[in-house]
Amino acid sequence: MKKSIAIVAFVVIFAFLVLGVVQMRPFGEPENEDMDDHFLGDSQERHQVNNVVTAVLFDYRGLDTLGEATILFSAVSGVLTVLRKIKDEKEEVED
Amino acid sequence: MNWEMSRVVRTITDILIVPMIIFGIYLVLHGHLTPGGGFQGGAVIASSTALLIVSYGTLGKHKKDLSSIEAVGLTLFILIAFFGIGYTMFYNYLAGTGGIFGGTVPAGPNPGYINTGGTVTLMNLMVGIEVSAALSLILWMMSRESGIMEAKDKGSEGMEVKG
Amino acid sequence: MSWDAFFMTMPYLAVVILLSIGLYTVLFKKNLIKIIMGIAIMQNGANLFLVSLAYRDGYYAPIFTSAESTDMVMPTAHALTLTSIVIGLATTALMLSFTIMIKRHYGSINTEDVRRCKE
């Protein structure tokens, strides 16, 4: 029963993916590119940066990078918490 | 608990650890000129930590140091972003002012000058510090708690390389 | 659909293949390590989709070393992909840590065995 539900879900999602690919625009010809052209023309004169990806990452979309660094920090905190708790339990057993 | 590989592996590690860290610092500092940046350079520096863990089996008692370095990197990143609050947060207040990292870039294709970028270069540096410490911490905790370092104590010598 | 139009959808087909492999692994495998590998494959499929959305045919990487600003692909999706890669790494590390904890607690990483209550 559970396996049949999984099979149906897989087939449905696969069909939607293939349908999306068939109706997708051609590869290499984007349609809405005004924002990216603005970034490309603006990053050298206003931010003095050669690498436009870095300019987008740290200036135009800096809050995204702040959230990303926070996610990395909280993931490390989670790893430390999870693994330290195991060690304490083991020491209690040994004691 | 504190096992290490043979002398050959340890010597090669001592030799290779220097160019690995230098290459990571190069990737971090040239993040605004070439492909690369804080995250990639930090990952390269953390791979040197992985080499240390594999060959020596421990990092000593540096876990609190790595935690502090990571927190300091994230805090300095937020502070550098916050200093532009007079205009907006993440405003590039150092670009083109002539101070530190304040040089001007000639328009169009150019070979790239390191004294440019303003806060972008500083944020690359801070993110590099944070990511290298964070990934080193993850690698060390996972290798310590998954029992790799206890392989010699339990008699299984699968991880040990006979010199 | 002509052959040229079919070839121009090949990157999206690669995305579909990656997402399908990851979804199959997540749905039908019982090993937690294999499930995490499936999630990582799905993350790579999403990254490939973002990068292939940003491509402009015949253009260069968005770095002012040898290309003019009118000859570059779109940079925003590349920055989002960079963010996505780091978040994927953090979540993978967290999931592997949980797997280590489950192995210590239950003695197994099979999802059928993990389901039972431990006294």
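This passage describes the chains of a predicted model, the interfaces between them and a few individual residues.

Because the model is predicted, local features are reported at pLDDT of at least 70 and side-chain atom pairs count only at pLDDT 80 or more, whereas totals for chains, interfaces and linings use all residues. Residues are numbered from 1 along each chain as its sequence is written, chains are lettered from A and ligands numbered from 1 in the order in which they are written, and side-chain values use heavy atoms, with hydrogens and water left out.

Chain B contains 4 helices and 0 strands, where helices (H or I, at least four residues) and strands (E, at least two) are DSSP runs numbered from the N terminus. Along the sequence this reads as α-α-α-α. Of the 163 residues in chain B, 45% are buried; buried stands for under 20% relative accessible area, exposed for over 50%, and partly exposed for values in between (1.4 Å probe, protein chains only). Chain B exposes about 8000 Å², with 70% of that area supplied by carbon and sulfur atoms. Accessible areas come from the Shrake-Rupley method with a 1.4 Å probe, and for residues only the protein chains shown count as cover. Contacts, defined as heavy atoms within 4.5 Å, also say something about chain B: among those between residues at least 6 apart in sequence, 68% join residues at least 24 apart.

Phe90(B) has a positive phi of about 65° although it is not a glycine. Phe90(B) sits in the loop between helix H3 (63–82) and H4 of chain B, and it counts as buried because its relative accessibility is 5%.

The interface of chain C and chain A comes next. It takes 43 residues from chain C and 45 residues from chain A. Together the two chains bury about 4000 Å², of which 77% is on carbon and sulfur atoms; buried area is the accessible area (1.4 Å probe) that two parts lose on being put together, summed over both. Between chain C and chain A there are 2 salt bridges, a salt bridge being a side-chain nitrogen of Lys or Arg within 4 Å of a carboxyl oxygen of Asp or Glu. In one salt bridge, the side chains of Glu33(A) and Arg56(C) meet at 2.6 Å, N to O.

On the side of chain C that touches chain A, at least two residues each come from helix H2 (10–28), helix H3 (32–53) and helix H4 (75–106) of chain C. H4(C) provides the largest share, 17 residues. By class, this side of chain C has 31 nonpolar, 8 polar and 4 charged residues. Here Ala, Val, Leu, Ile, Met, Phe, Trp, Tyr, Cys and Pro count as nonpolar, Asp, Glu, Lys and Arg as charged, and the others, Gly among them, as polar.

Between chain B and chain C, 14 residues of chain B are in contact with 14 residues of chain C. The area buried there is about 1100 Å², with carbon and sulfur atoms giving 69%. The count is 0 salt bridges and 1 residue pair in polar contact, both at pLDDT 80 or more. Helix H2 (38–56) and helix H4 (119–145) of chain B are the elements that give two or more residues to the side of chain B that touches chain C. H4(B) gives the most, with 4 residues. The residues on this side of chain B comprise 7 nonpolar, 6 polar and 1 charged.

Within chain A, helix H3 (residues 52–60) is largely enclosed by the rest of the structure, because 8 of its 9 residues are buried. The buried residues include Val52(A), Leu57(A), Phe58(A) and Asp59(A). In the loop between helix H2 (34–47) and H3 of chain A lies Gln48(A), which has a positive phi of about 55° although it is not a glycine. Gln48(A) counts as buried, at 8% relative accessibility.

Finally, Thr25(C) belongs to helix H2 of chain C and is buried, with a relative accessible area of 14%. Leaving aside neighbours within four places in sequence, Thr25(C) is in contact with Lys34(C), Ile35(C) and Gly38(C).

Technical notes. Polar contact = N/O pair within 3.5 Å; in protein donor to acceptor, adjacent residues only side chain to side chain.
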